[in-house]
Amino acid sequence: MSKVIVCARFRPLSSGEIRDHGNGVSIHRIDDESFNFKDEKDGDLKFGFDKVFYEDSAQASVYEVLAMPIVQDTVNGLNGTILSYGQVLTKESSCQGPGIIKCDAERKGLIPRVIEGLFEMINSSEGATAYSVKLSMVEIYMEKVRDLFDLSKDNIQIKESKSLGILLSGATEIPVLEASEAMQILSNGIVNRAVGETQMNVASSRSHCVYIFTVQQDISADKRTKTGKLILVDLAGSEKVGKTGAEGRLLEEAKTINKSLSALGNVVNALTCSPLSKLTHIPYRDSKLTRILQDALGGSCRMALLCCCSQSLSNAPETLSTLRFGARAQHIKAAPCVIPCEDKISKTQEYNVLNKDVACERILDMLKDRMGIEELEMLRELLILEGIMYRPSSMEDLISECETVGSTLMSSLGITVELVSTVEE
């Protein structure tokens, strides 16, 4: 199983925050992984994450720690999701940066760095592997999924495939050959995002934005095809109407944004606050946002979360809410797996893959008494990365698979016994 990577990012104080509250801050740095938060009610609260980026942290380090491992996994055929979560005005400097195209190297945001890193890894890969990259971009606005490359597609349906997971039916996919081309295309899509002026931001995002990179690799040596999907989600900032002064249409947009963020919090709570079983209900369908993120939230996808925060005393309540969300998200577990390309899968291949997964799970189960937990999980990761295992190993999935291939379990057991004997020797 894989855990969610969670990092916190504190931006410098804005001129407005300094004007209203001086240089007072709500956090006290302990080290690069923990800090104390000053709460008026509960006093000092200690928070710890995989990494904490303070106002003097370089933008490059955010990419290297948070995003680079997931980008590499995508090139290797695994799905990955990176979320940017936080209050209005805290995400812009970390996610998009000052601009997608025109920006100095030091201030460059997470999105352009991910794009550059993706193509650098593809271009430096060795072996007889051909890569192709397609780009999609949608926004979730007022609970509708809109295609930012084709505005006529203003109500895209969310579908689920047994082999590929969650899909956006009919969303535009544009082939891209290099990083500069991808950035130009994204820049055109960003222009189409829904924005509005509030008291906190003259160009406040009124929607959640989803960037999707689909990386397909054709391995000529054994005629295999693997597809990795990298999803970057720039969540609209949570809003307090009293601070933003939203009215009319802006108020309705704020309510919808906050409702979807609440649905996201409910899913995280359901995944982390009680032992998961076959009967546990996870409310993925309560919003379009959580439905799209279903694979990332405890599914078959690696996930990283960037909690973007203000350290100003004036925004302490919003910062505390963001930090608590990140602390809960750290406990989410997922089972990343290599997904073969759907148009390459025949019924016979699906049947064989299913048998292979069942056999691998039985091998791992019989080895658990002879190997440590860390060694066993490392073996599982190697099987997944090499494309030998394709599916998550949840109990519900295994029960379903066993029902489908019940007539072949005895032969699979025979294979397992032979392999275990070989390991013992």
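Me: Where is Glu143 placed?
Reply: Glu143 sits in the loop between S8 and S9. Strands here are DSSP runs of E, at least two residues, and helices are runs of H or I, at least four residues; both are numbered from the N terminus. The model is predicted: local features need pLDDT of at least 70, side-chain atom pairs count only at pLDDT 80 or more, and totals for chains, interfaces and linings use all residues. Residues are numbered from 1 along each chain as its sequence is written, and side-chain values use heavy atoms, with hydrogens and water left out.

Me: What makes the phi of Glu143 worth a look?
Reply: Its phi is positive, about 65°, although Glu143 is not a glycine. Most residues other than glycine have a negative phi. Met142 also has a positive phi, about 50°, and is not a glycine. Met142 lies in the loop between strand S8 (129–141) and strand S9 (144–147).

Me: Why is Glu143 called partly exposed?
Reply: Its relative accessible area is 28%. Buried means under 20%, exposed means over 50%, and partly exposed is in between (1.4 Å probe, protein chains only). So Glu143, at 28%, counts as partly exposed. Met142 has 28% too, so it is also partly exposed.

Me: How do you know that Gly326 is buried?
Reply: Its relative accessible area is 0%. That is under the cut-off, so Gly326 is buried. Gly326 lies in helix H8 (residues 316–329).

Me: What does Gly326 touch, beyond residues up to four places away in sequence?
Reply: Gly326 touches Val6, Phe49, Leu305 and Cys307. A contact means heavy atoms within 4.5 Å. In sequence, Gly326 and Tyr85 are 241 residues apart, yet their C-alpha atoms are separated by 8.8 Å.

Me: Why does Thr81 count as buried?
Reply: Thr81 has a relative accessible area of 2%, so it falls under the buried cut-off. Thr81 is in strand S7 (residues 80–86). Leaving aside neighbours within four places in sequence, its contacts include Ile70, Ile231, Val233 and Leu293.

Me: How do you know that Ile231 is buried as well?
Reply: Ile231 has 13% relative accessibility, so it counts as buried. Ile231 belongs to strand S16 (residues 224–234). Among its contacts are Gly80, Thr81 and Ile82. Ile231 and Asn79 are 152 residues apart in sequence and 8.1 Å apart in space, C-alpha to C-alpha.

Me: What kinds of residue make up the contact of H2 with H3?
Reply: Residues in H2, including Tyr63, Leu66 and Val71, meet residues in H3, including Leu110, Val114 and Met121. By class, the contact has 13 nonpolar, three polar and one charged residues. Nonpolar covers Ala, Val, Leu, Ile, Met, Phe, Trp, Tyr, Cys and Pro; charged covers Asp, Glu, Lys and Arg; the others, Gly among them, are polar.

Me: What makes H3 roughly antiparallel to H4?
Reply: The axes of H3 and helix H4 (residues 179–191) come within 9 Å and cross at roughly 150°. That is over the antiparallel cut-off, so H3 is roughly antiparallel to H4. Ile111, Pro112, Ile115, Glu116 and Phe119 in H3 meet Ala179, Ala182, Met183 and Leu186 in H4. This contact has eight nonpolar, no polar and one charged residues.

Me: Why is Ala179 called buried?
Reply: At 16% relative accessible area, Ala179 is under the limit, so it counts as buried. Ala179 lies in H4.

Me: How many of the protein's residues count as buried?
Reply: Of the 425 residues, 51% count as buried. The protein has twelve helices and 19 strands.

Key
Axes fitted to C-alpha atoms, helices over the stretch in contact; angles between N-to-C directions. Parallel < 35°, antiparallel > 145°, perpendicular 65-115°, else oblique.
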